[in-house]
Amino acid sequence: MSGFATGEAMAQAADERVLVAGLFARLWPIMRSITGDGVRQTHDILGEYVALTRHEIPSGSKALDWTVPPEWWVREAYIVAPGGRRFCDIAENTLHLVNYSPGFRGEMSRDELDKQLHSLPDMPDAIPYVTSYYERNWGFCLAHRQRQALPEGTYKVVIDAGHKEGSLTFSEAVLEGETEQEVFITTYTCHPSMANNELSGPLVAALLYRKLAAMKRRRLTYRFAFCPETIGAVCYLNLRGEHLKHNMLAGYVLTCIGDPAPFTMKRSRRGNTAADRAAKLVLCATKGPAPNILEFFPFGSDERQYCSPGFNLPFCVLARSLYATYPQYHTSADDGTFTSPEAMCESADTVFSILMALEENRVWISLAPYGEPQLGPRGLMQGFGAARVRSETIKAIKWLLNLADGENDLLAMVERSGMSLDSLAEAARRCHAAGLIEERK
Amino acid sequence: MSGFATGEAMAQAADERVLVAGLFARLWPIMRSITGDGVRQTHDILGEYVALTRHEIPSGSKALDWTVPPEWWVREAYIVAPGGRRFCDIAENTLHLVNYSPGFRGEMSRDELDKQLHSLPDMPDAIPYVTSYYERNWGFCLAHRQRQALPEGTYKVVIDAGHKEGSLTFSEAVLEGETEQEVFITTYTCHPSMANNELSGPLVAALLYRKLAAMKRRRLTYRFAFCPETIGAVCYLNLRGEHLKHNMLAGYVLTCIGDPAPFTMKRSRRGNTAADRAAKLVLCATKGPAPNILEFFPFGSDERQYCSPGFNLPFCVLARSLYATYPQYHTSADDGTFTSPEAMCESADTVFSILMALEENRVWISLAPYGEPQLGPRGLMQGFGAARVRSETIKAIKWLLNLADGENDLLAMVERSGMSLDSLAEAARRCHAAGLIEERK
Amino acid sequence: MSGFATGEAMAQAADERVLVAGLFARLWPIMRSITGDGVRQTHDILGEYVALTRHEIPSGSKALDWTVPPEWWVREAYIVAPGGRRFCDIAENTLHLVNYSPGFRGEMSRDELDKQLHSLPDMPDAIPYVTSYYERNWGFCLAHRQRQALPEGTYKVVIDAGHKEGSLTFSEAVLEGETEQEVFITTYTCHPSMANNELSGPLVAALLYRKLAAMKRRRLTYRFAFCPETIGAVCYLNLRGEHLKHNMLAGYVLTCIGDPAPFTMKRSRRGNTAADRAAKLVLCATKGPAPNILEFFPFGSDERQYCSPGFNLPFCVLARSLYATYPQYHTSADDGTFTSPEAMCESADTVFSILMALEENRVWISLAPYGEPQLGPRGLMQGFGAARVRSETIKAIKWLLNLADGENDLLAMVERSGMSLDSLAEAARRCHAAGLIEERK
């Protein structure tokens, strides 16, 4: 850590790292899927830190173009090799079973079994993450090296799992602010034991919630949602889509946000919303390597739903190493070794800065727009008018008053003036206190 | 020829080259001008391949700001040198006589004759192409080397030509499609014996007509016009201007399109119409050297009329070596040696691809715009949702559905997504068949 | 001087240089401030060359957000050193006294005196220019080297000055043209003995006035204002703001425009008004080093008032070395040694060219917009239509007629065509004479 931090800030940072590490250890072993008890167990734990409201959507319910699938349950799953050795046991690694696999029990030859196996020839030691939500295929995932070493003989397969009428689980939390304008943070809780994708999103979201809840004053309302990917976002939009269309100022999907790589921002479909502008501003102003700023594309994560043409919400993705761009993605190699509690805390701090930029991002209107108002009598100016060096504060006040025509929000002023958000926000506070500006409602 | 072609395609290509070579040989020797029998004879021959409707506009008719000039006739024109040798004979080369020259008979000294001669000192072996439509000057054109070698003595001049009340000739053909939206192809038939400028335009247009006529299904209507340059386009607009303003989706002047140089596209006055966007997309996607893409300028060919401010039609120029940019331009050196039937066939294929891009360029509207529609049950998706590699087809379907908000035509989707027109058009066909999109009317 | 000039032009140029040098010598020694007799004396002298109307705004008057300050008077001001030597005498240099200083008489130690002194450690031989308009601080300015050499002892301070009920002085002049559209030139007369900032602005403005007054025909109305900076512009806007909002086509602050550096243009707040476009065009087309073209920023000179959000007038700054960018700025080193009458005359010529571009900048509408109009019968075209080289004039005519759709002013035509303003203006004159275009009213 460079620079100086107060003892209190250092203690808080250490506290956050401990919290993240502890949550990670508890959530890691749970067998999650798009439905089922693994999800509920995960939300129970997150609920200790976030005031979550649980929603259960019954199987078979219609949600937009989709139907909520049955609830999945699984007790155990493994294969017994010819010599009697058990392998591909989900008690060892939840990725061994194809996620959402139907139940199965039977014996078969190595060649028959092999048709049901998934492995990665180019990553021979990693177990791939495979799902089969909408076709009922049972299967197992294992390291390619292990698969190739399987001897001839008879294998016994046990999958004590199945689907039943039940429900799909998601949770939300709202921190009300002074206005009804909302910032929406969402992430997903359907991935089994992987770290960056996707324990990092829920952990960073939980940290963010705590930071916001601790604030004395929040202008904006903050909404958090923890859903299974895709079908969960569809169900969430089915419930809250109209509300979000009216109230949402900015939204972010947090995903793959736990490793120390530079930040990635994927723009919203609209491309230049307040969500985009605040995130770009903060990410570009943050010390360290330049962020990756990607144009929108309609594949990836839940932005596919939130940015579908009918909703077209101001929704960006915030990540470090974006999904599908790092080798460990969707494999057992995403095991926490290249992510860290430190990186997740740093991610939470950065997203928090983006939210604070949105807090400051008001549209100010000058109450003295004809000519410059006199700054001196209002205590906003030094005495010697012709001094050759003007302070940054006075520059910021002059920019603010000049652009306060009701057309520019504070982010637009930052973009046009080249001044920092902090200096313009400070100028706004001073001018507001001096009665020179008012907020556009 | 690289790659493999079917026997049928190769036979068709050979057939087209033979057709072009034959038409070229028949049209080459004809003495064309803006009016007269040379034009009619040319249209008779083109009419064997294109279902032309002939229009004759009487001399003296008003057309926009112009008056149709008298009809020109010429039987023979030559000069007899002091020793009795005949030269500058239009039977040898139609360029020898100043085009539209009045009749003249007389004897004169070499110095007097010289005032009526045109040659090019910097291209001493080429005969220049000179016209005198709106002032009645007789004259001859010849190689500068020949002009300099003319001996002193008395010359006899014979121009058996003149102007009479008659008419101006142009022809058009329409291939009706399913909609009234029109693509308009025009070129000109007033140039005497030159190859690139301008037998190439009529020959490529005739090939295009044949290709379109052979199609089983055409969404768009195609209009072809063969006119004398400038005054012909003025007369055509006088007749069809209002119709074109209402129906024309895209138009192209074909000119100087018979040599193997890279393609040139000159943008419309409006700059970014469907005509511009389709042409740019296809020319940039075509293998081979990069095209020249020029901004509009108000001199050149018939785009001057179609893009005049009162009409301002979506009209581009398509060429290979653009007019006035190659040394043989408007001289007897434009004699077919640097153009070829192969190049003209290639030009026709490329323009045809542009027209096919316009055929595909519909505005699709998603019928399931809220969230992503389920692709799997509609047969548009593979089974294993988390497979790490998605096919180009699924990417194209996702782009199409995401952008199908009624604001984007297919070309806009290509521009935004970076995907190929073919893949998006295929995605549209599949989504349309699945009932997921409909066309905006 | 390169190239050839007519005897008359050379005589005029010499005449202007003499005029500028003479005015400079008379205006230099006057003790100016934002109010007082120094300003009036300055306006008396300028009034010999410009038909000025004087305005006196009583002290205490309200003007926009401001109150007109009392009138300042000063008879003498100096310090007597312990040995009896008088220094910091305003009779030697008007900068010695803090501008607008209250009166004071007294004796004090060197240390006490030092608290009232201003000097520049990094420019030890220059006297700084310091003002104290809105706080009543007396003080003296001197060379840092001199300040450091002051001996211990008792100093006697004499400032025979004070503030009284009086008025603030500004002057204006209007040269009426054929239309009520106005071009507004303003500069300021509150700076004491400095050359670039700011005798250059009033001198160049006076030259410009003479050039315009000598013109036989002026389409536009020209307004000149000579005001104290800031409070003067505020008072001027208080009087004329509504008028300017309705009538002003373009405005320029002239300041720091007397040195031979390349031109600087600071854009208006709106960024691309006729004022910006004409200035940019002329400055970029002028021979010599490229101009500096700066985006608007809300500090600097009177553009702060004219471009305040309530007025938001089309107002640029024209300068050579812009304020606060050259070392001599606001010091006694701005003494005329790096400025020159030649540079001021050149500045006046260049600004005049900008004004002439505005004179030409009409919106022309074609009266024959359907197809090209025939140029030949109207004497606008050569006889041989197919000649391979077209003159610039015909090109300009074709651009003009093509763009004369009522949407493009002449500057827009220059920008789109790449042709010179002169050639398009000449084309407009010829087409107007031929009845082909009319001006949009």
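Which residues in α1(B) meet which residues in α2(B)? I began with this pair and found Leu23(B), Arg26(B) and Leu27(B) in α1(B) meeting Thr42(B), Ile45(B) and Leu46(B) in α2(B). I counted a contact where heavy atoms lie within 4.5 Å.

Before going on, I noted what I was working with. This is a predicted model, where local features need pLDDT of at least 70 and side-chain atom pairs count only at pLDDT 80 or more, while totals for chains, interfaces and linings use all residues. Residues are numbered from 1 along each chain as its sequence is written, chains are lettered from A and ligands numbered from 1 in the order in which they are written, and side-chain values use heavy atoms, with hydrogens and water left out.

**Entry: α1 and α2 in chain B**

By class, I sorted the residues of the α1(B) and α2(B) contact into 4 nonpolar, 1 polar and 1 charged. For these classes, Ala, Val, Leu, Ile, Met, Phe, Trp, Tyr, Cys and Pro are nonpolar, Asp, Glu, Lys and Arg are charged, and the others, Gly among them, are polar. Helix α1 spans residues 7-27 of chain B and helix α2 residues 37-46 of chain B. Helices here are DSSP runs (H or I, at least four residues), numbered from the N terminus. Their axes come within 10 Å and cross at roughly 160°. An axis is a line fitted to C-alpha atoms, for helices over the stretch in contact, and angles run from 0 to 180 degrees between N-to-C directions. α1(B) and α2(B) are therefore roughly antiparallel to each other; the cut-offs are under 35 degrees for roughly parallel, over 145 for roughly antiparallel, 65 to 115 for roughly perpendicular, and oblique for the rest. I noted the crossing of α1(B) and α2(B) as right-handed, meaning that the near helix is turned clockwise from the far one by less than a right angle.

**Entry: α7 and α9 in chain B**

Next I looked up helix α7 (residues 274-285) of chain B against helix α9 (residues 341-360) of chain B, which pack at about 125° with their axes 9 Å apart. That makes α7(B) oblique to α9(B). The crossing of α7(B) and α9(B) is right-handed. On the α7(B) side I listed Ala274(B), Ala278(B), Ala279(B), Val282(B) and Leu283(B), which meet Thr350(B), Ser353(B), Ile354(B), Ala357(B) and Leu358(B) in α9(B). This contact of α7(B) with α9(B) has 8 nonpolar, 2 polar and no charged residues.

**Entry: chain C with its partners**

How many residues of chain C are in contact with chain A? I found 34 residues of chain C in contact with 22 residues of chain A. The area buried between chain C and chain A is about 2,400 Å², with carbon and sulfur atoms giving 52%. Buried area is the accessible area (1.4 Å probe) that two parts lose on being put together, summed over both. In chain C, Asp65(C), Arg269(C) and Phe299(C) lose the most area to chain A, together 25% of what that side buries. I counted 3 salt bridges between chain C and chain A, a salt bridge being a side-chain nitrogen of Lys or Arg within 4 Å of a carboxyl oxygen of Asp or Glu. Arg304(C) and Glu372(A) meet through their side chains in a salt bridge (2.8 Å, N to O).

Towards chain B, 22 residues of chain C are in contact with 34 residues of chain B. I again noted 3 salt bridges, here between chain C and chain B. The side chains of Glu372(C) and Arg304(B) form a salt bridge (2.8 Å, N to O).

Notes. Helix = DSSP H or I, 4+ residues; strand = E, 2+ residues; numbered from the N terminus.
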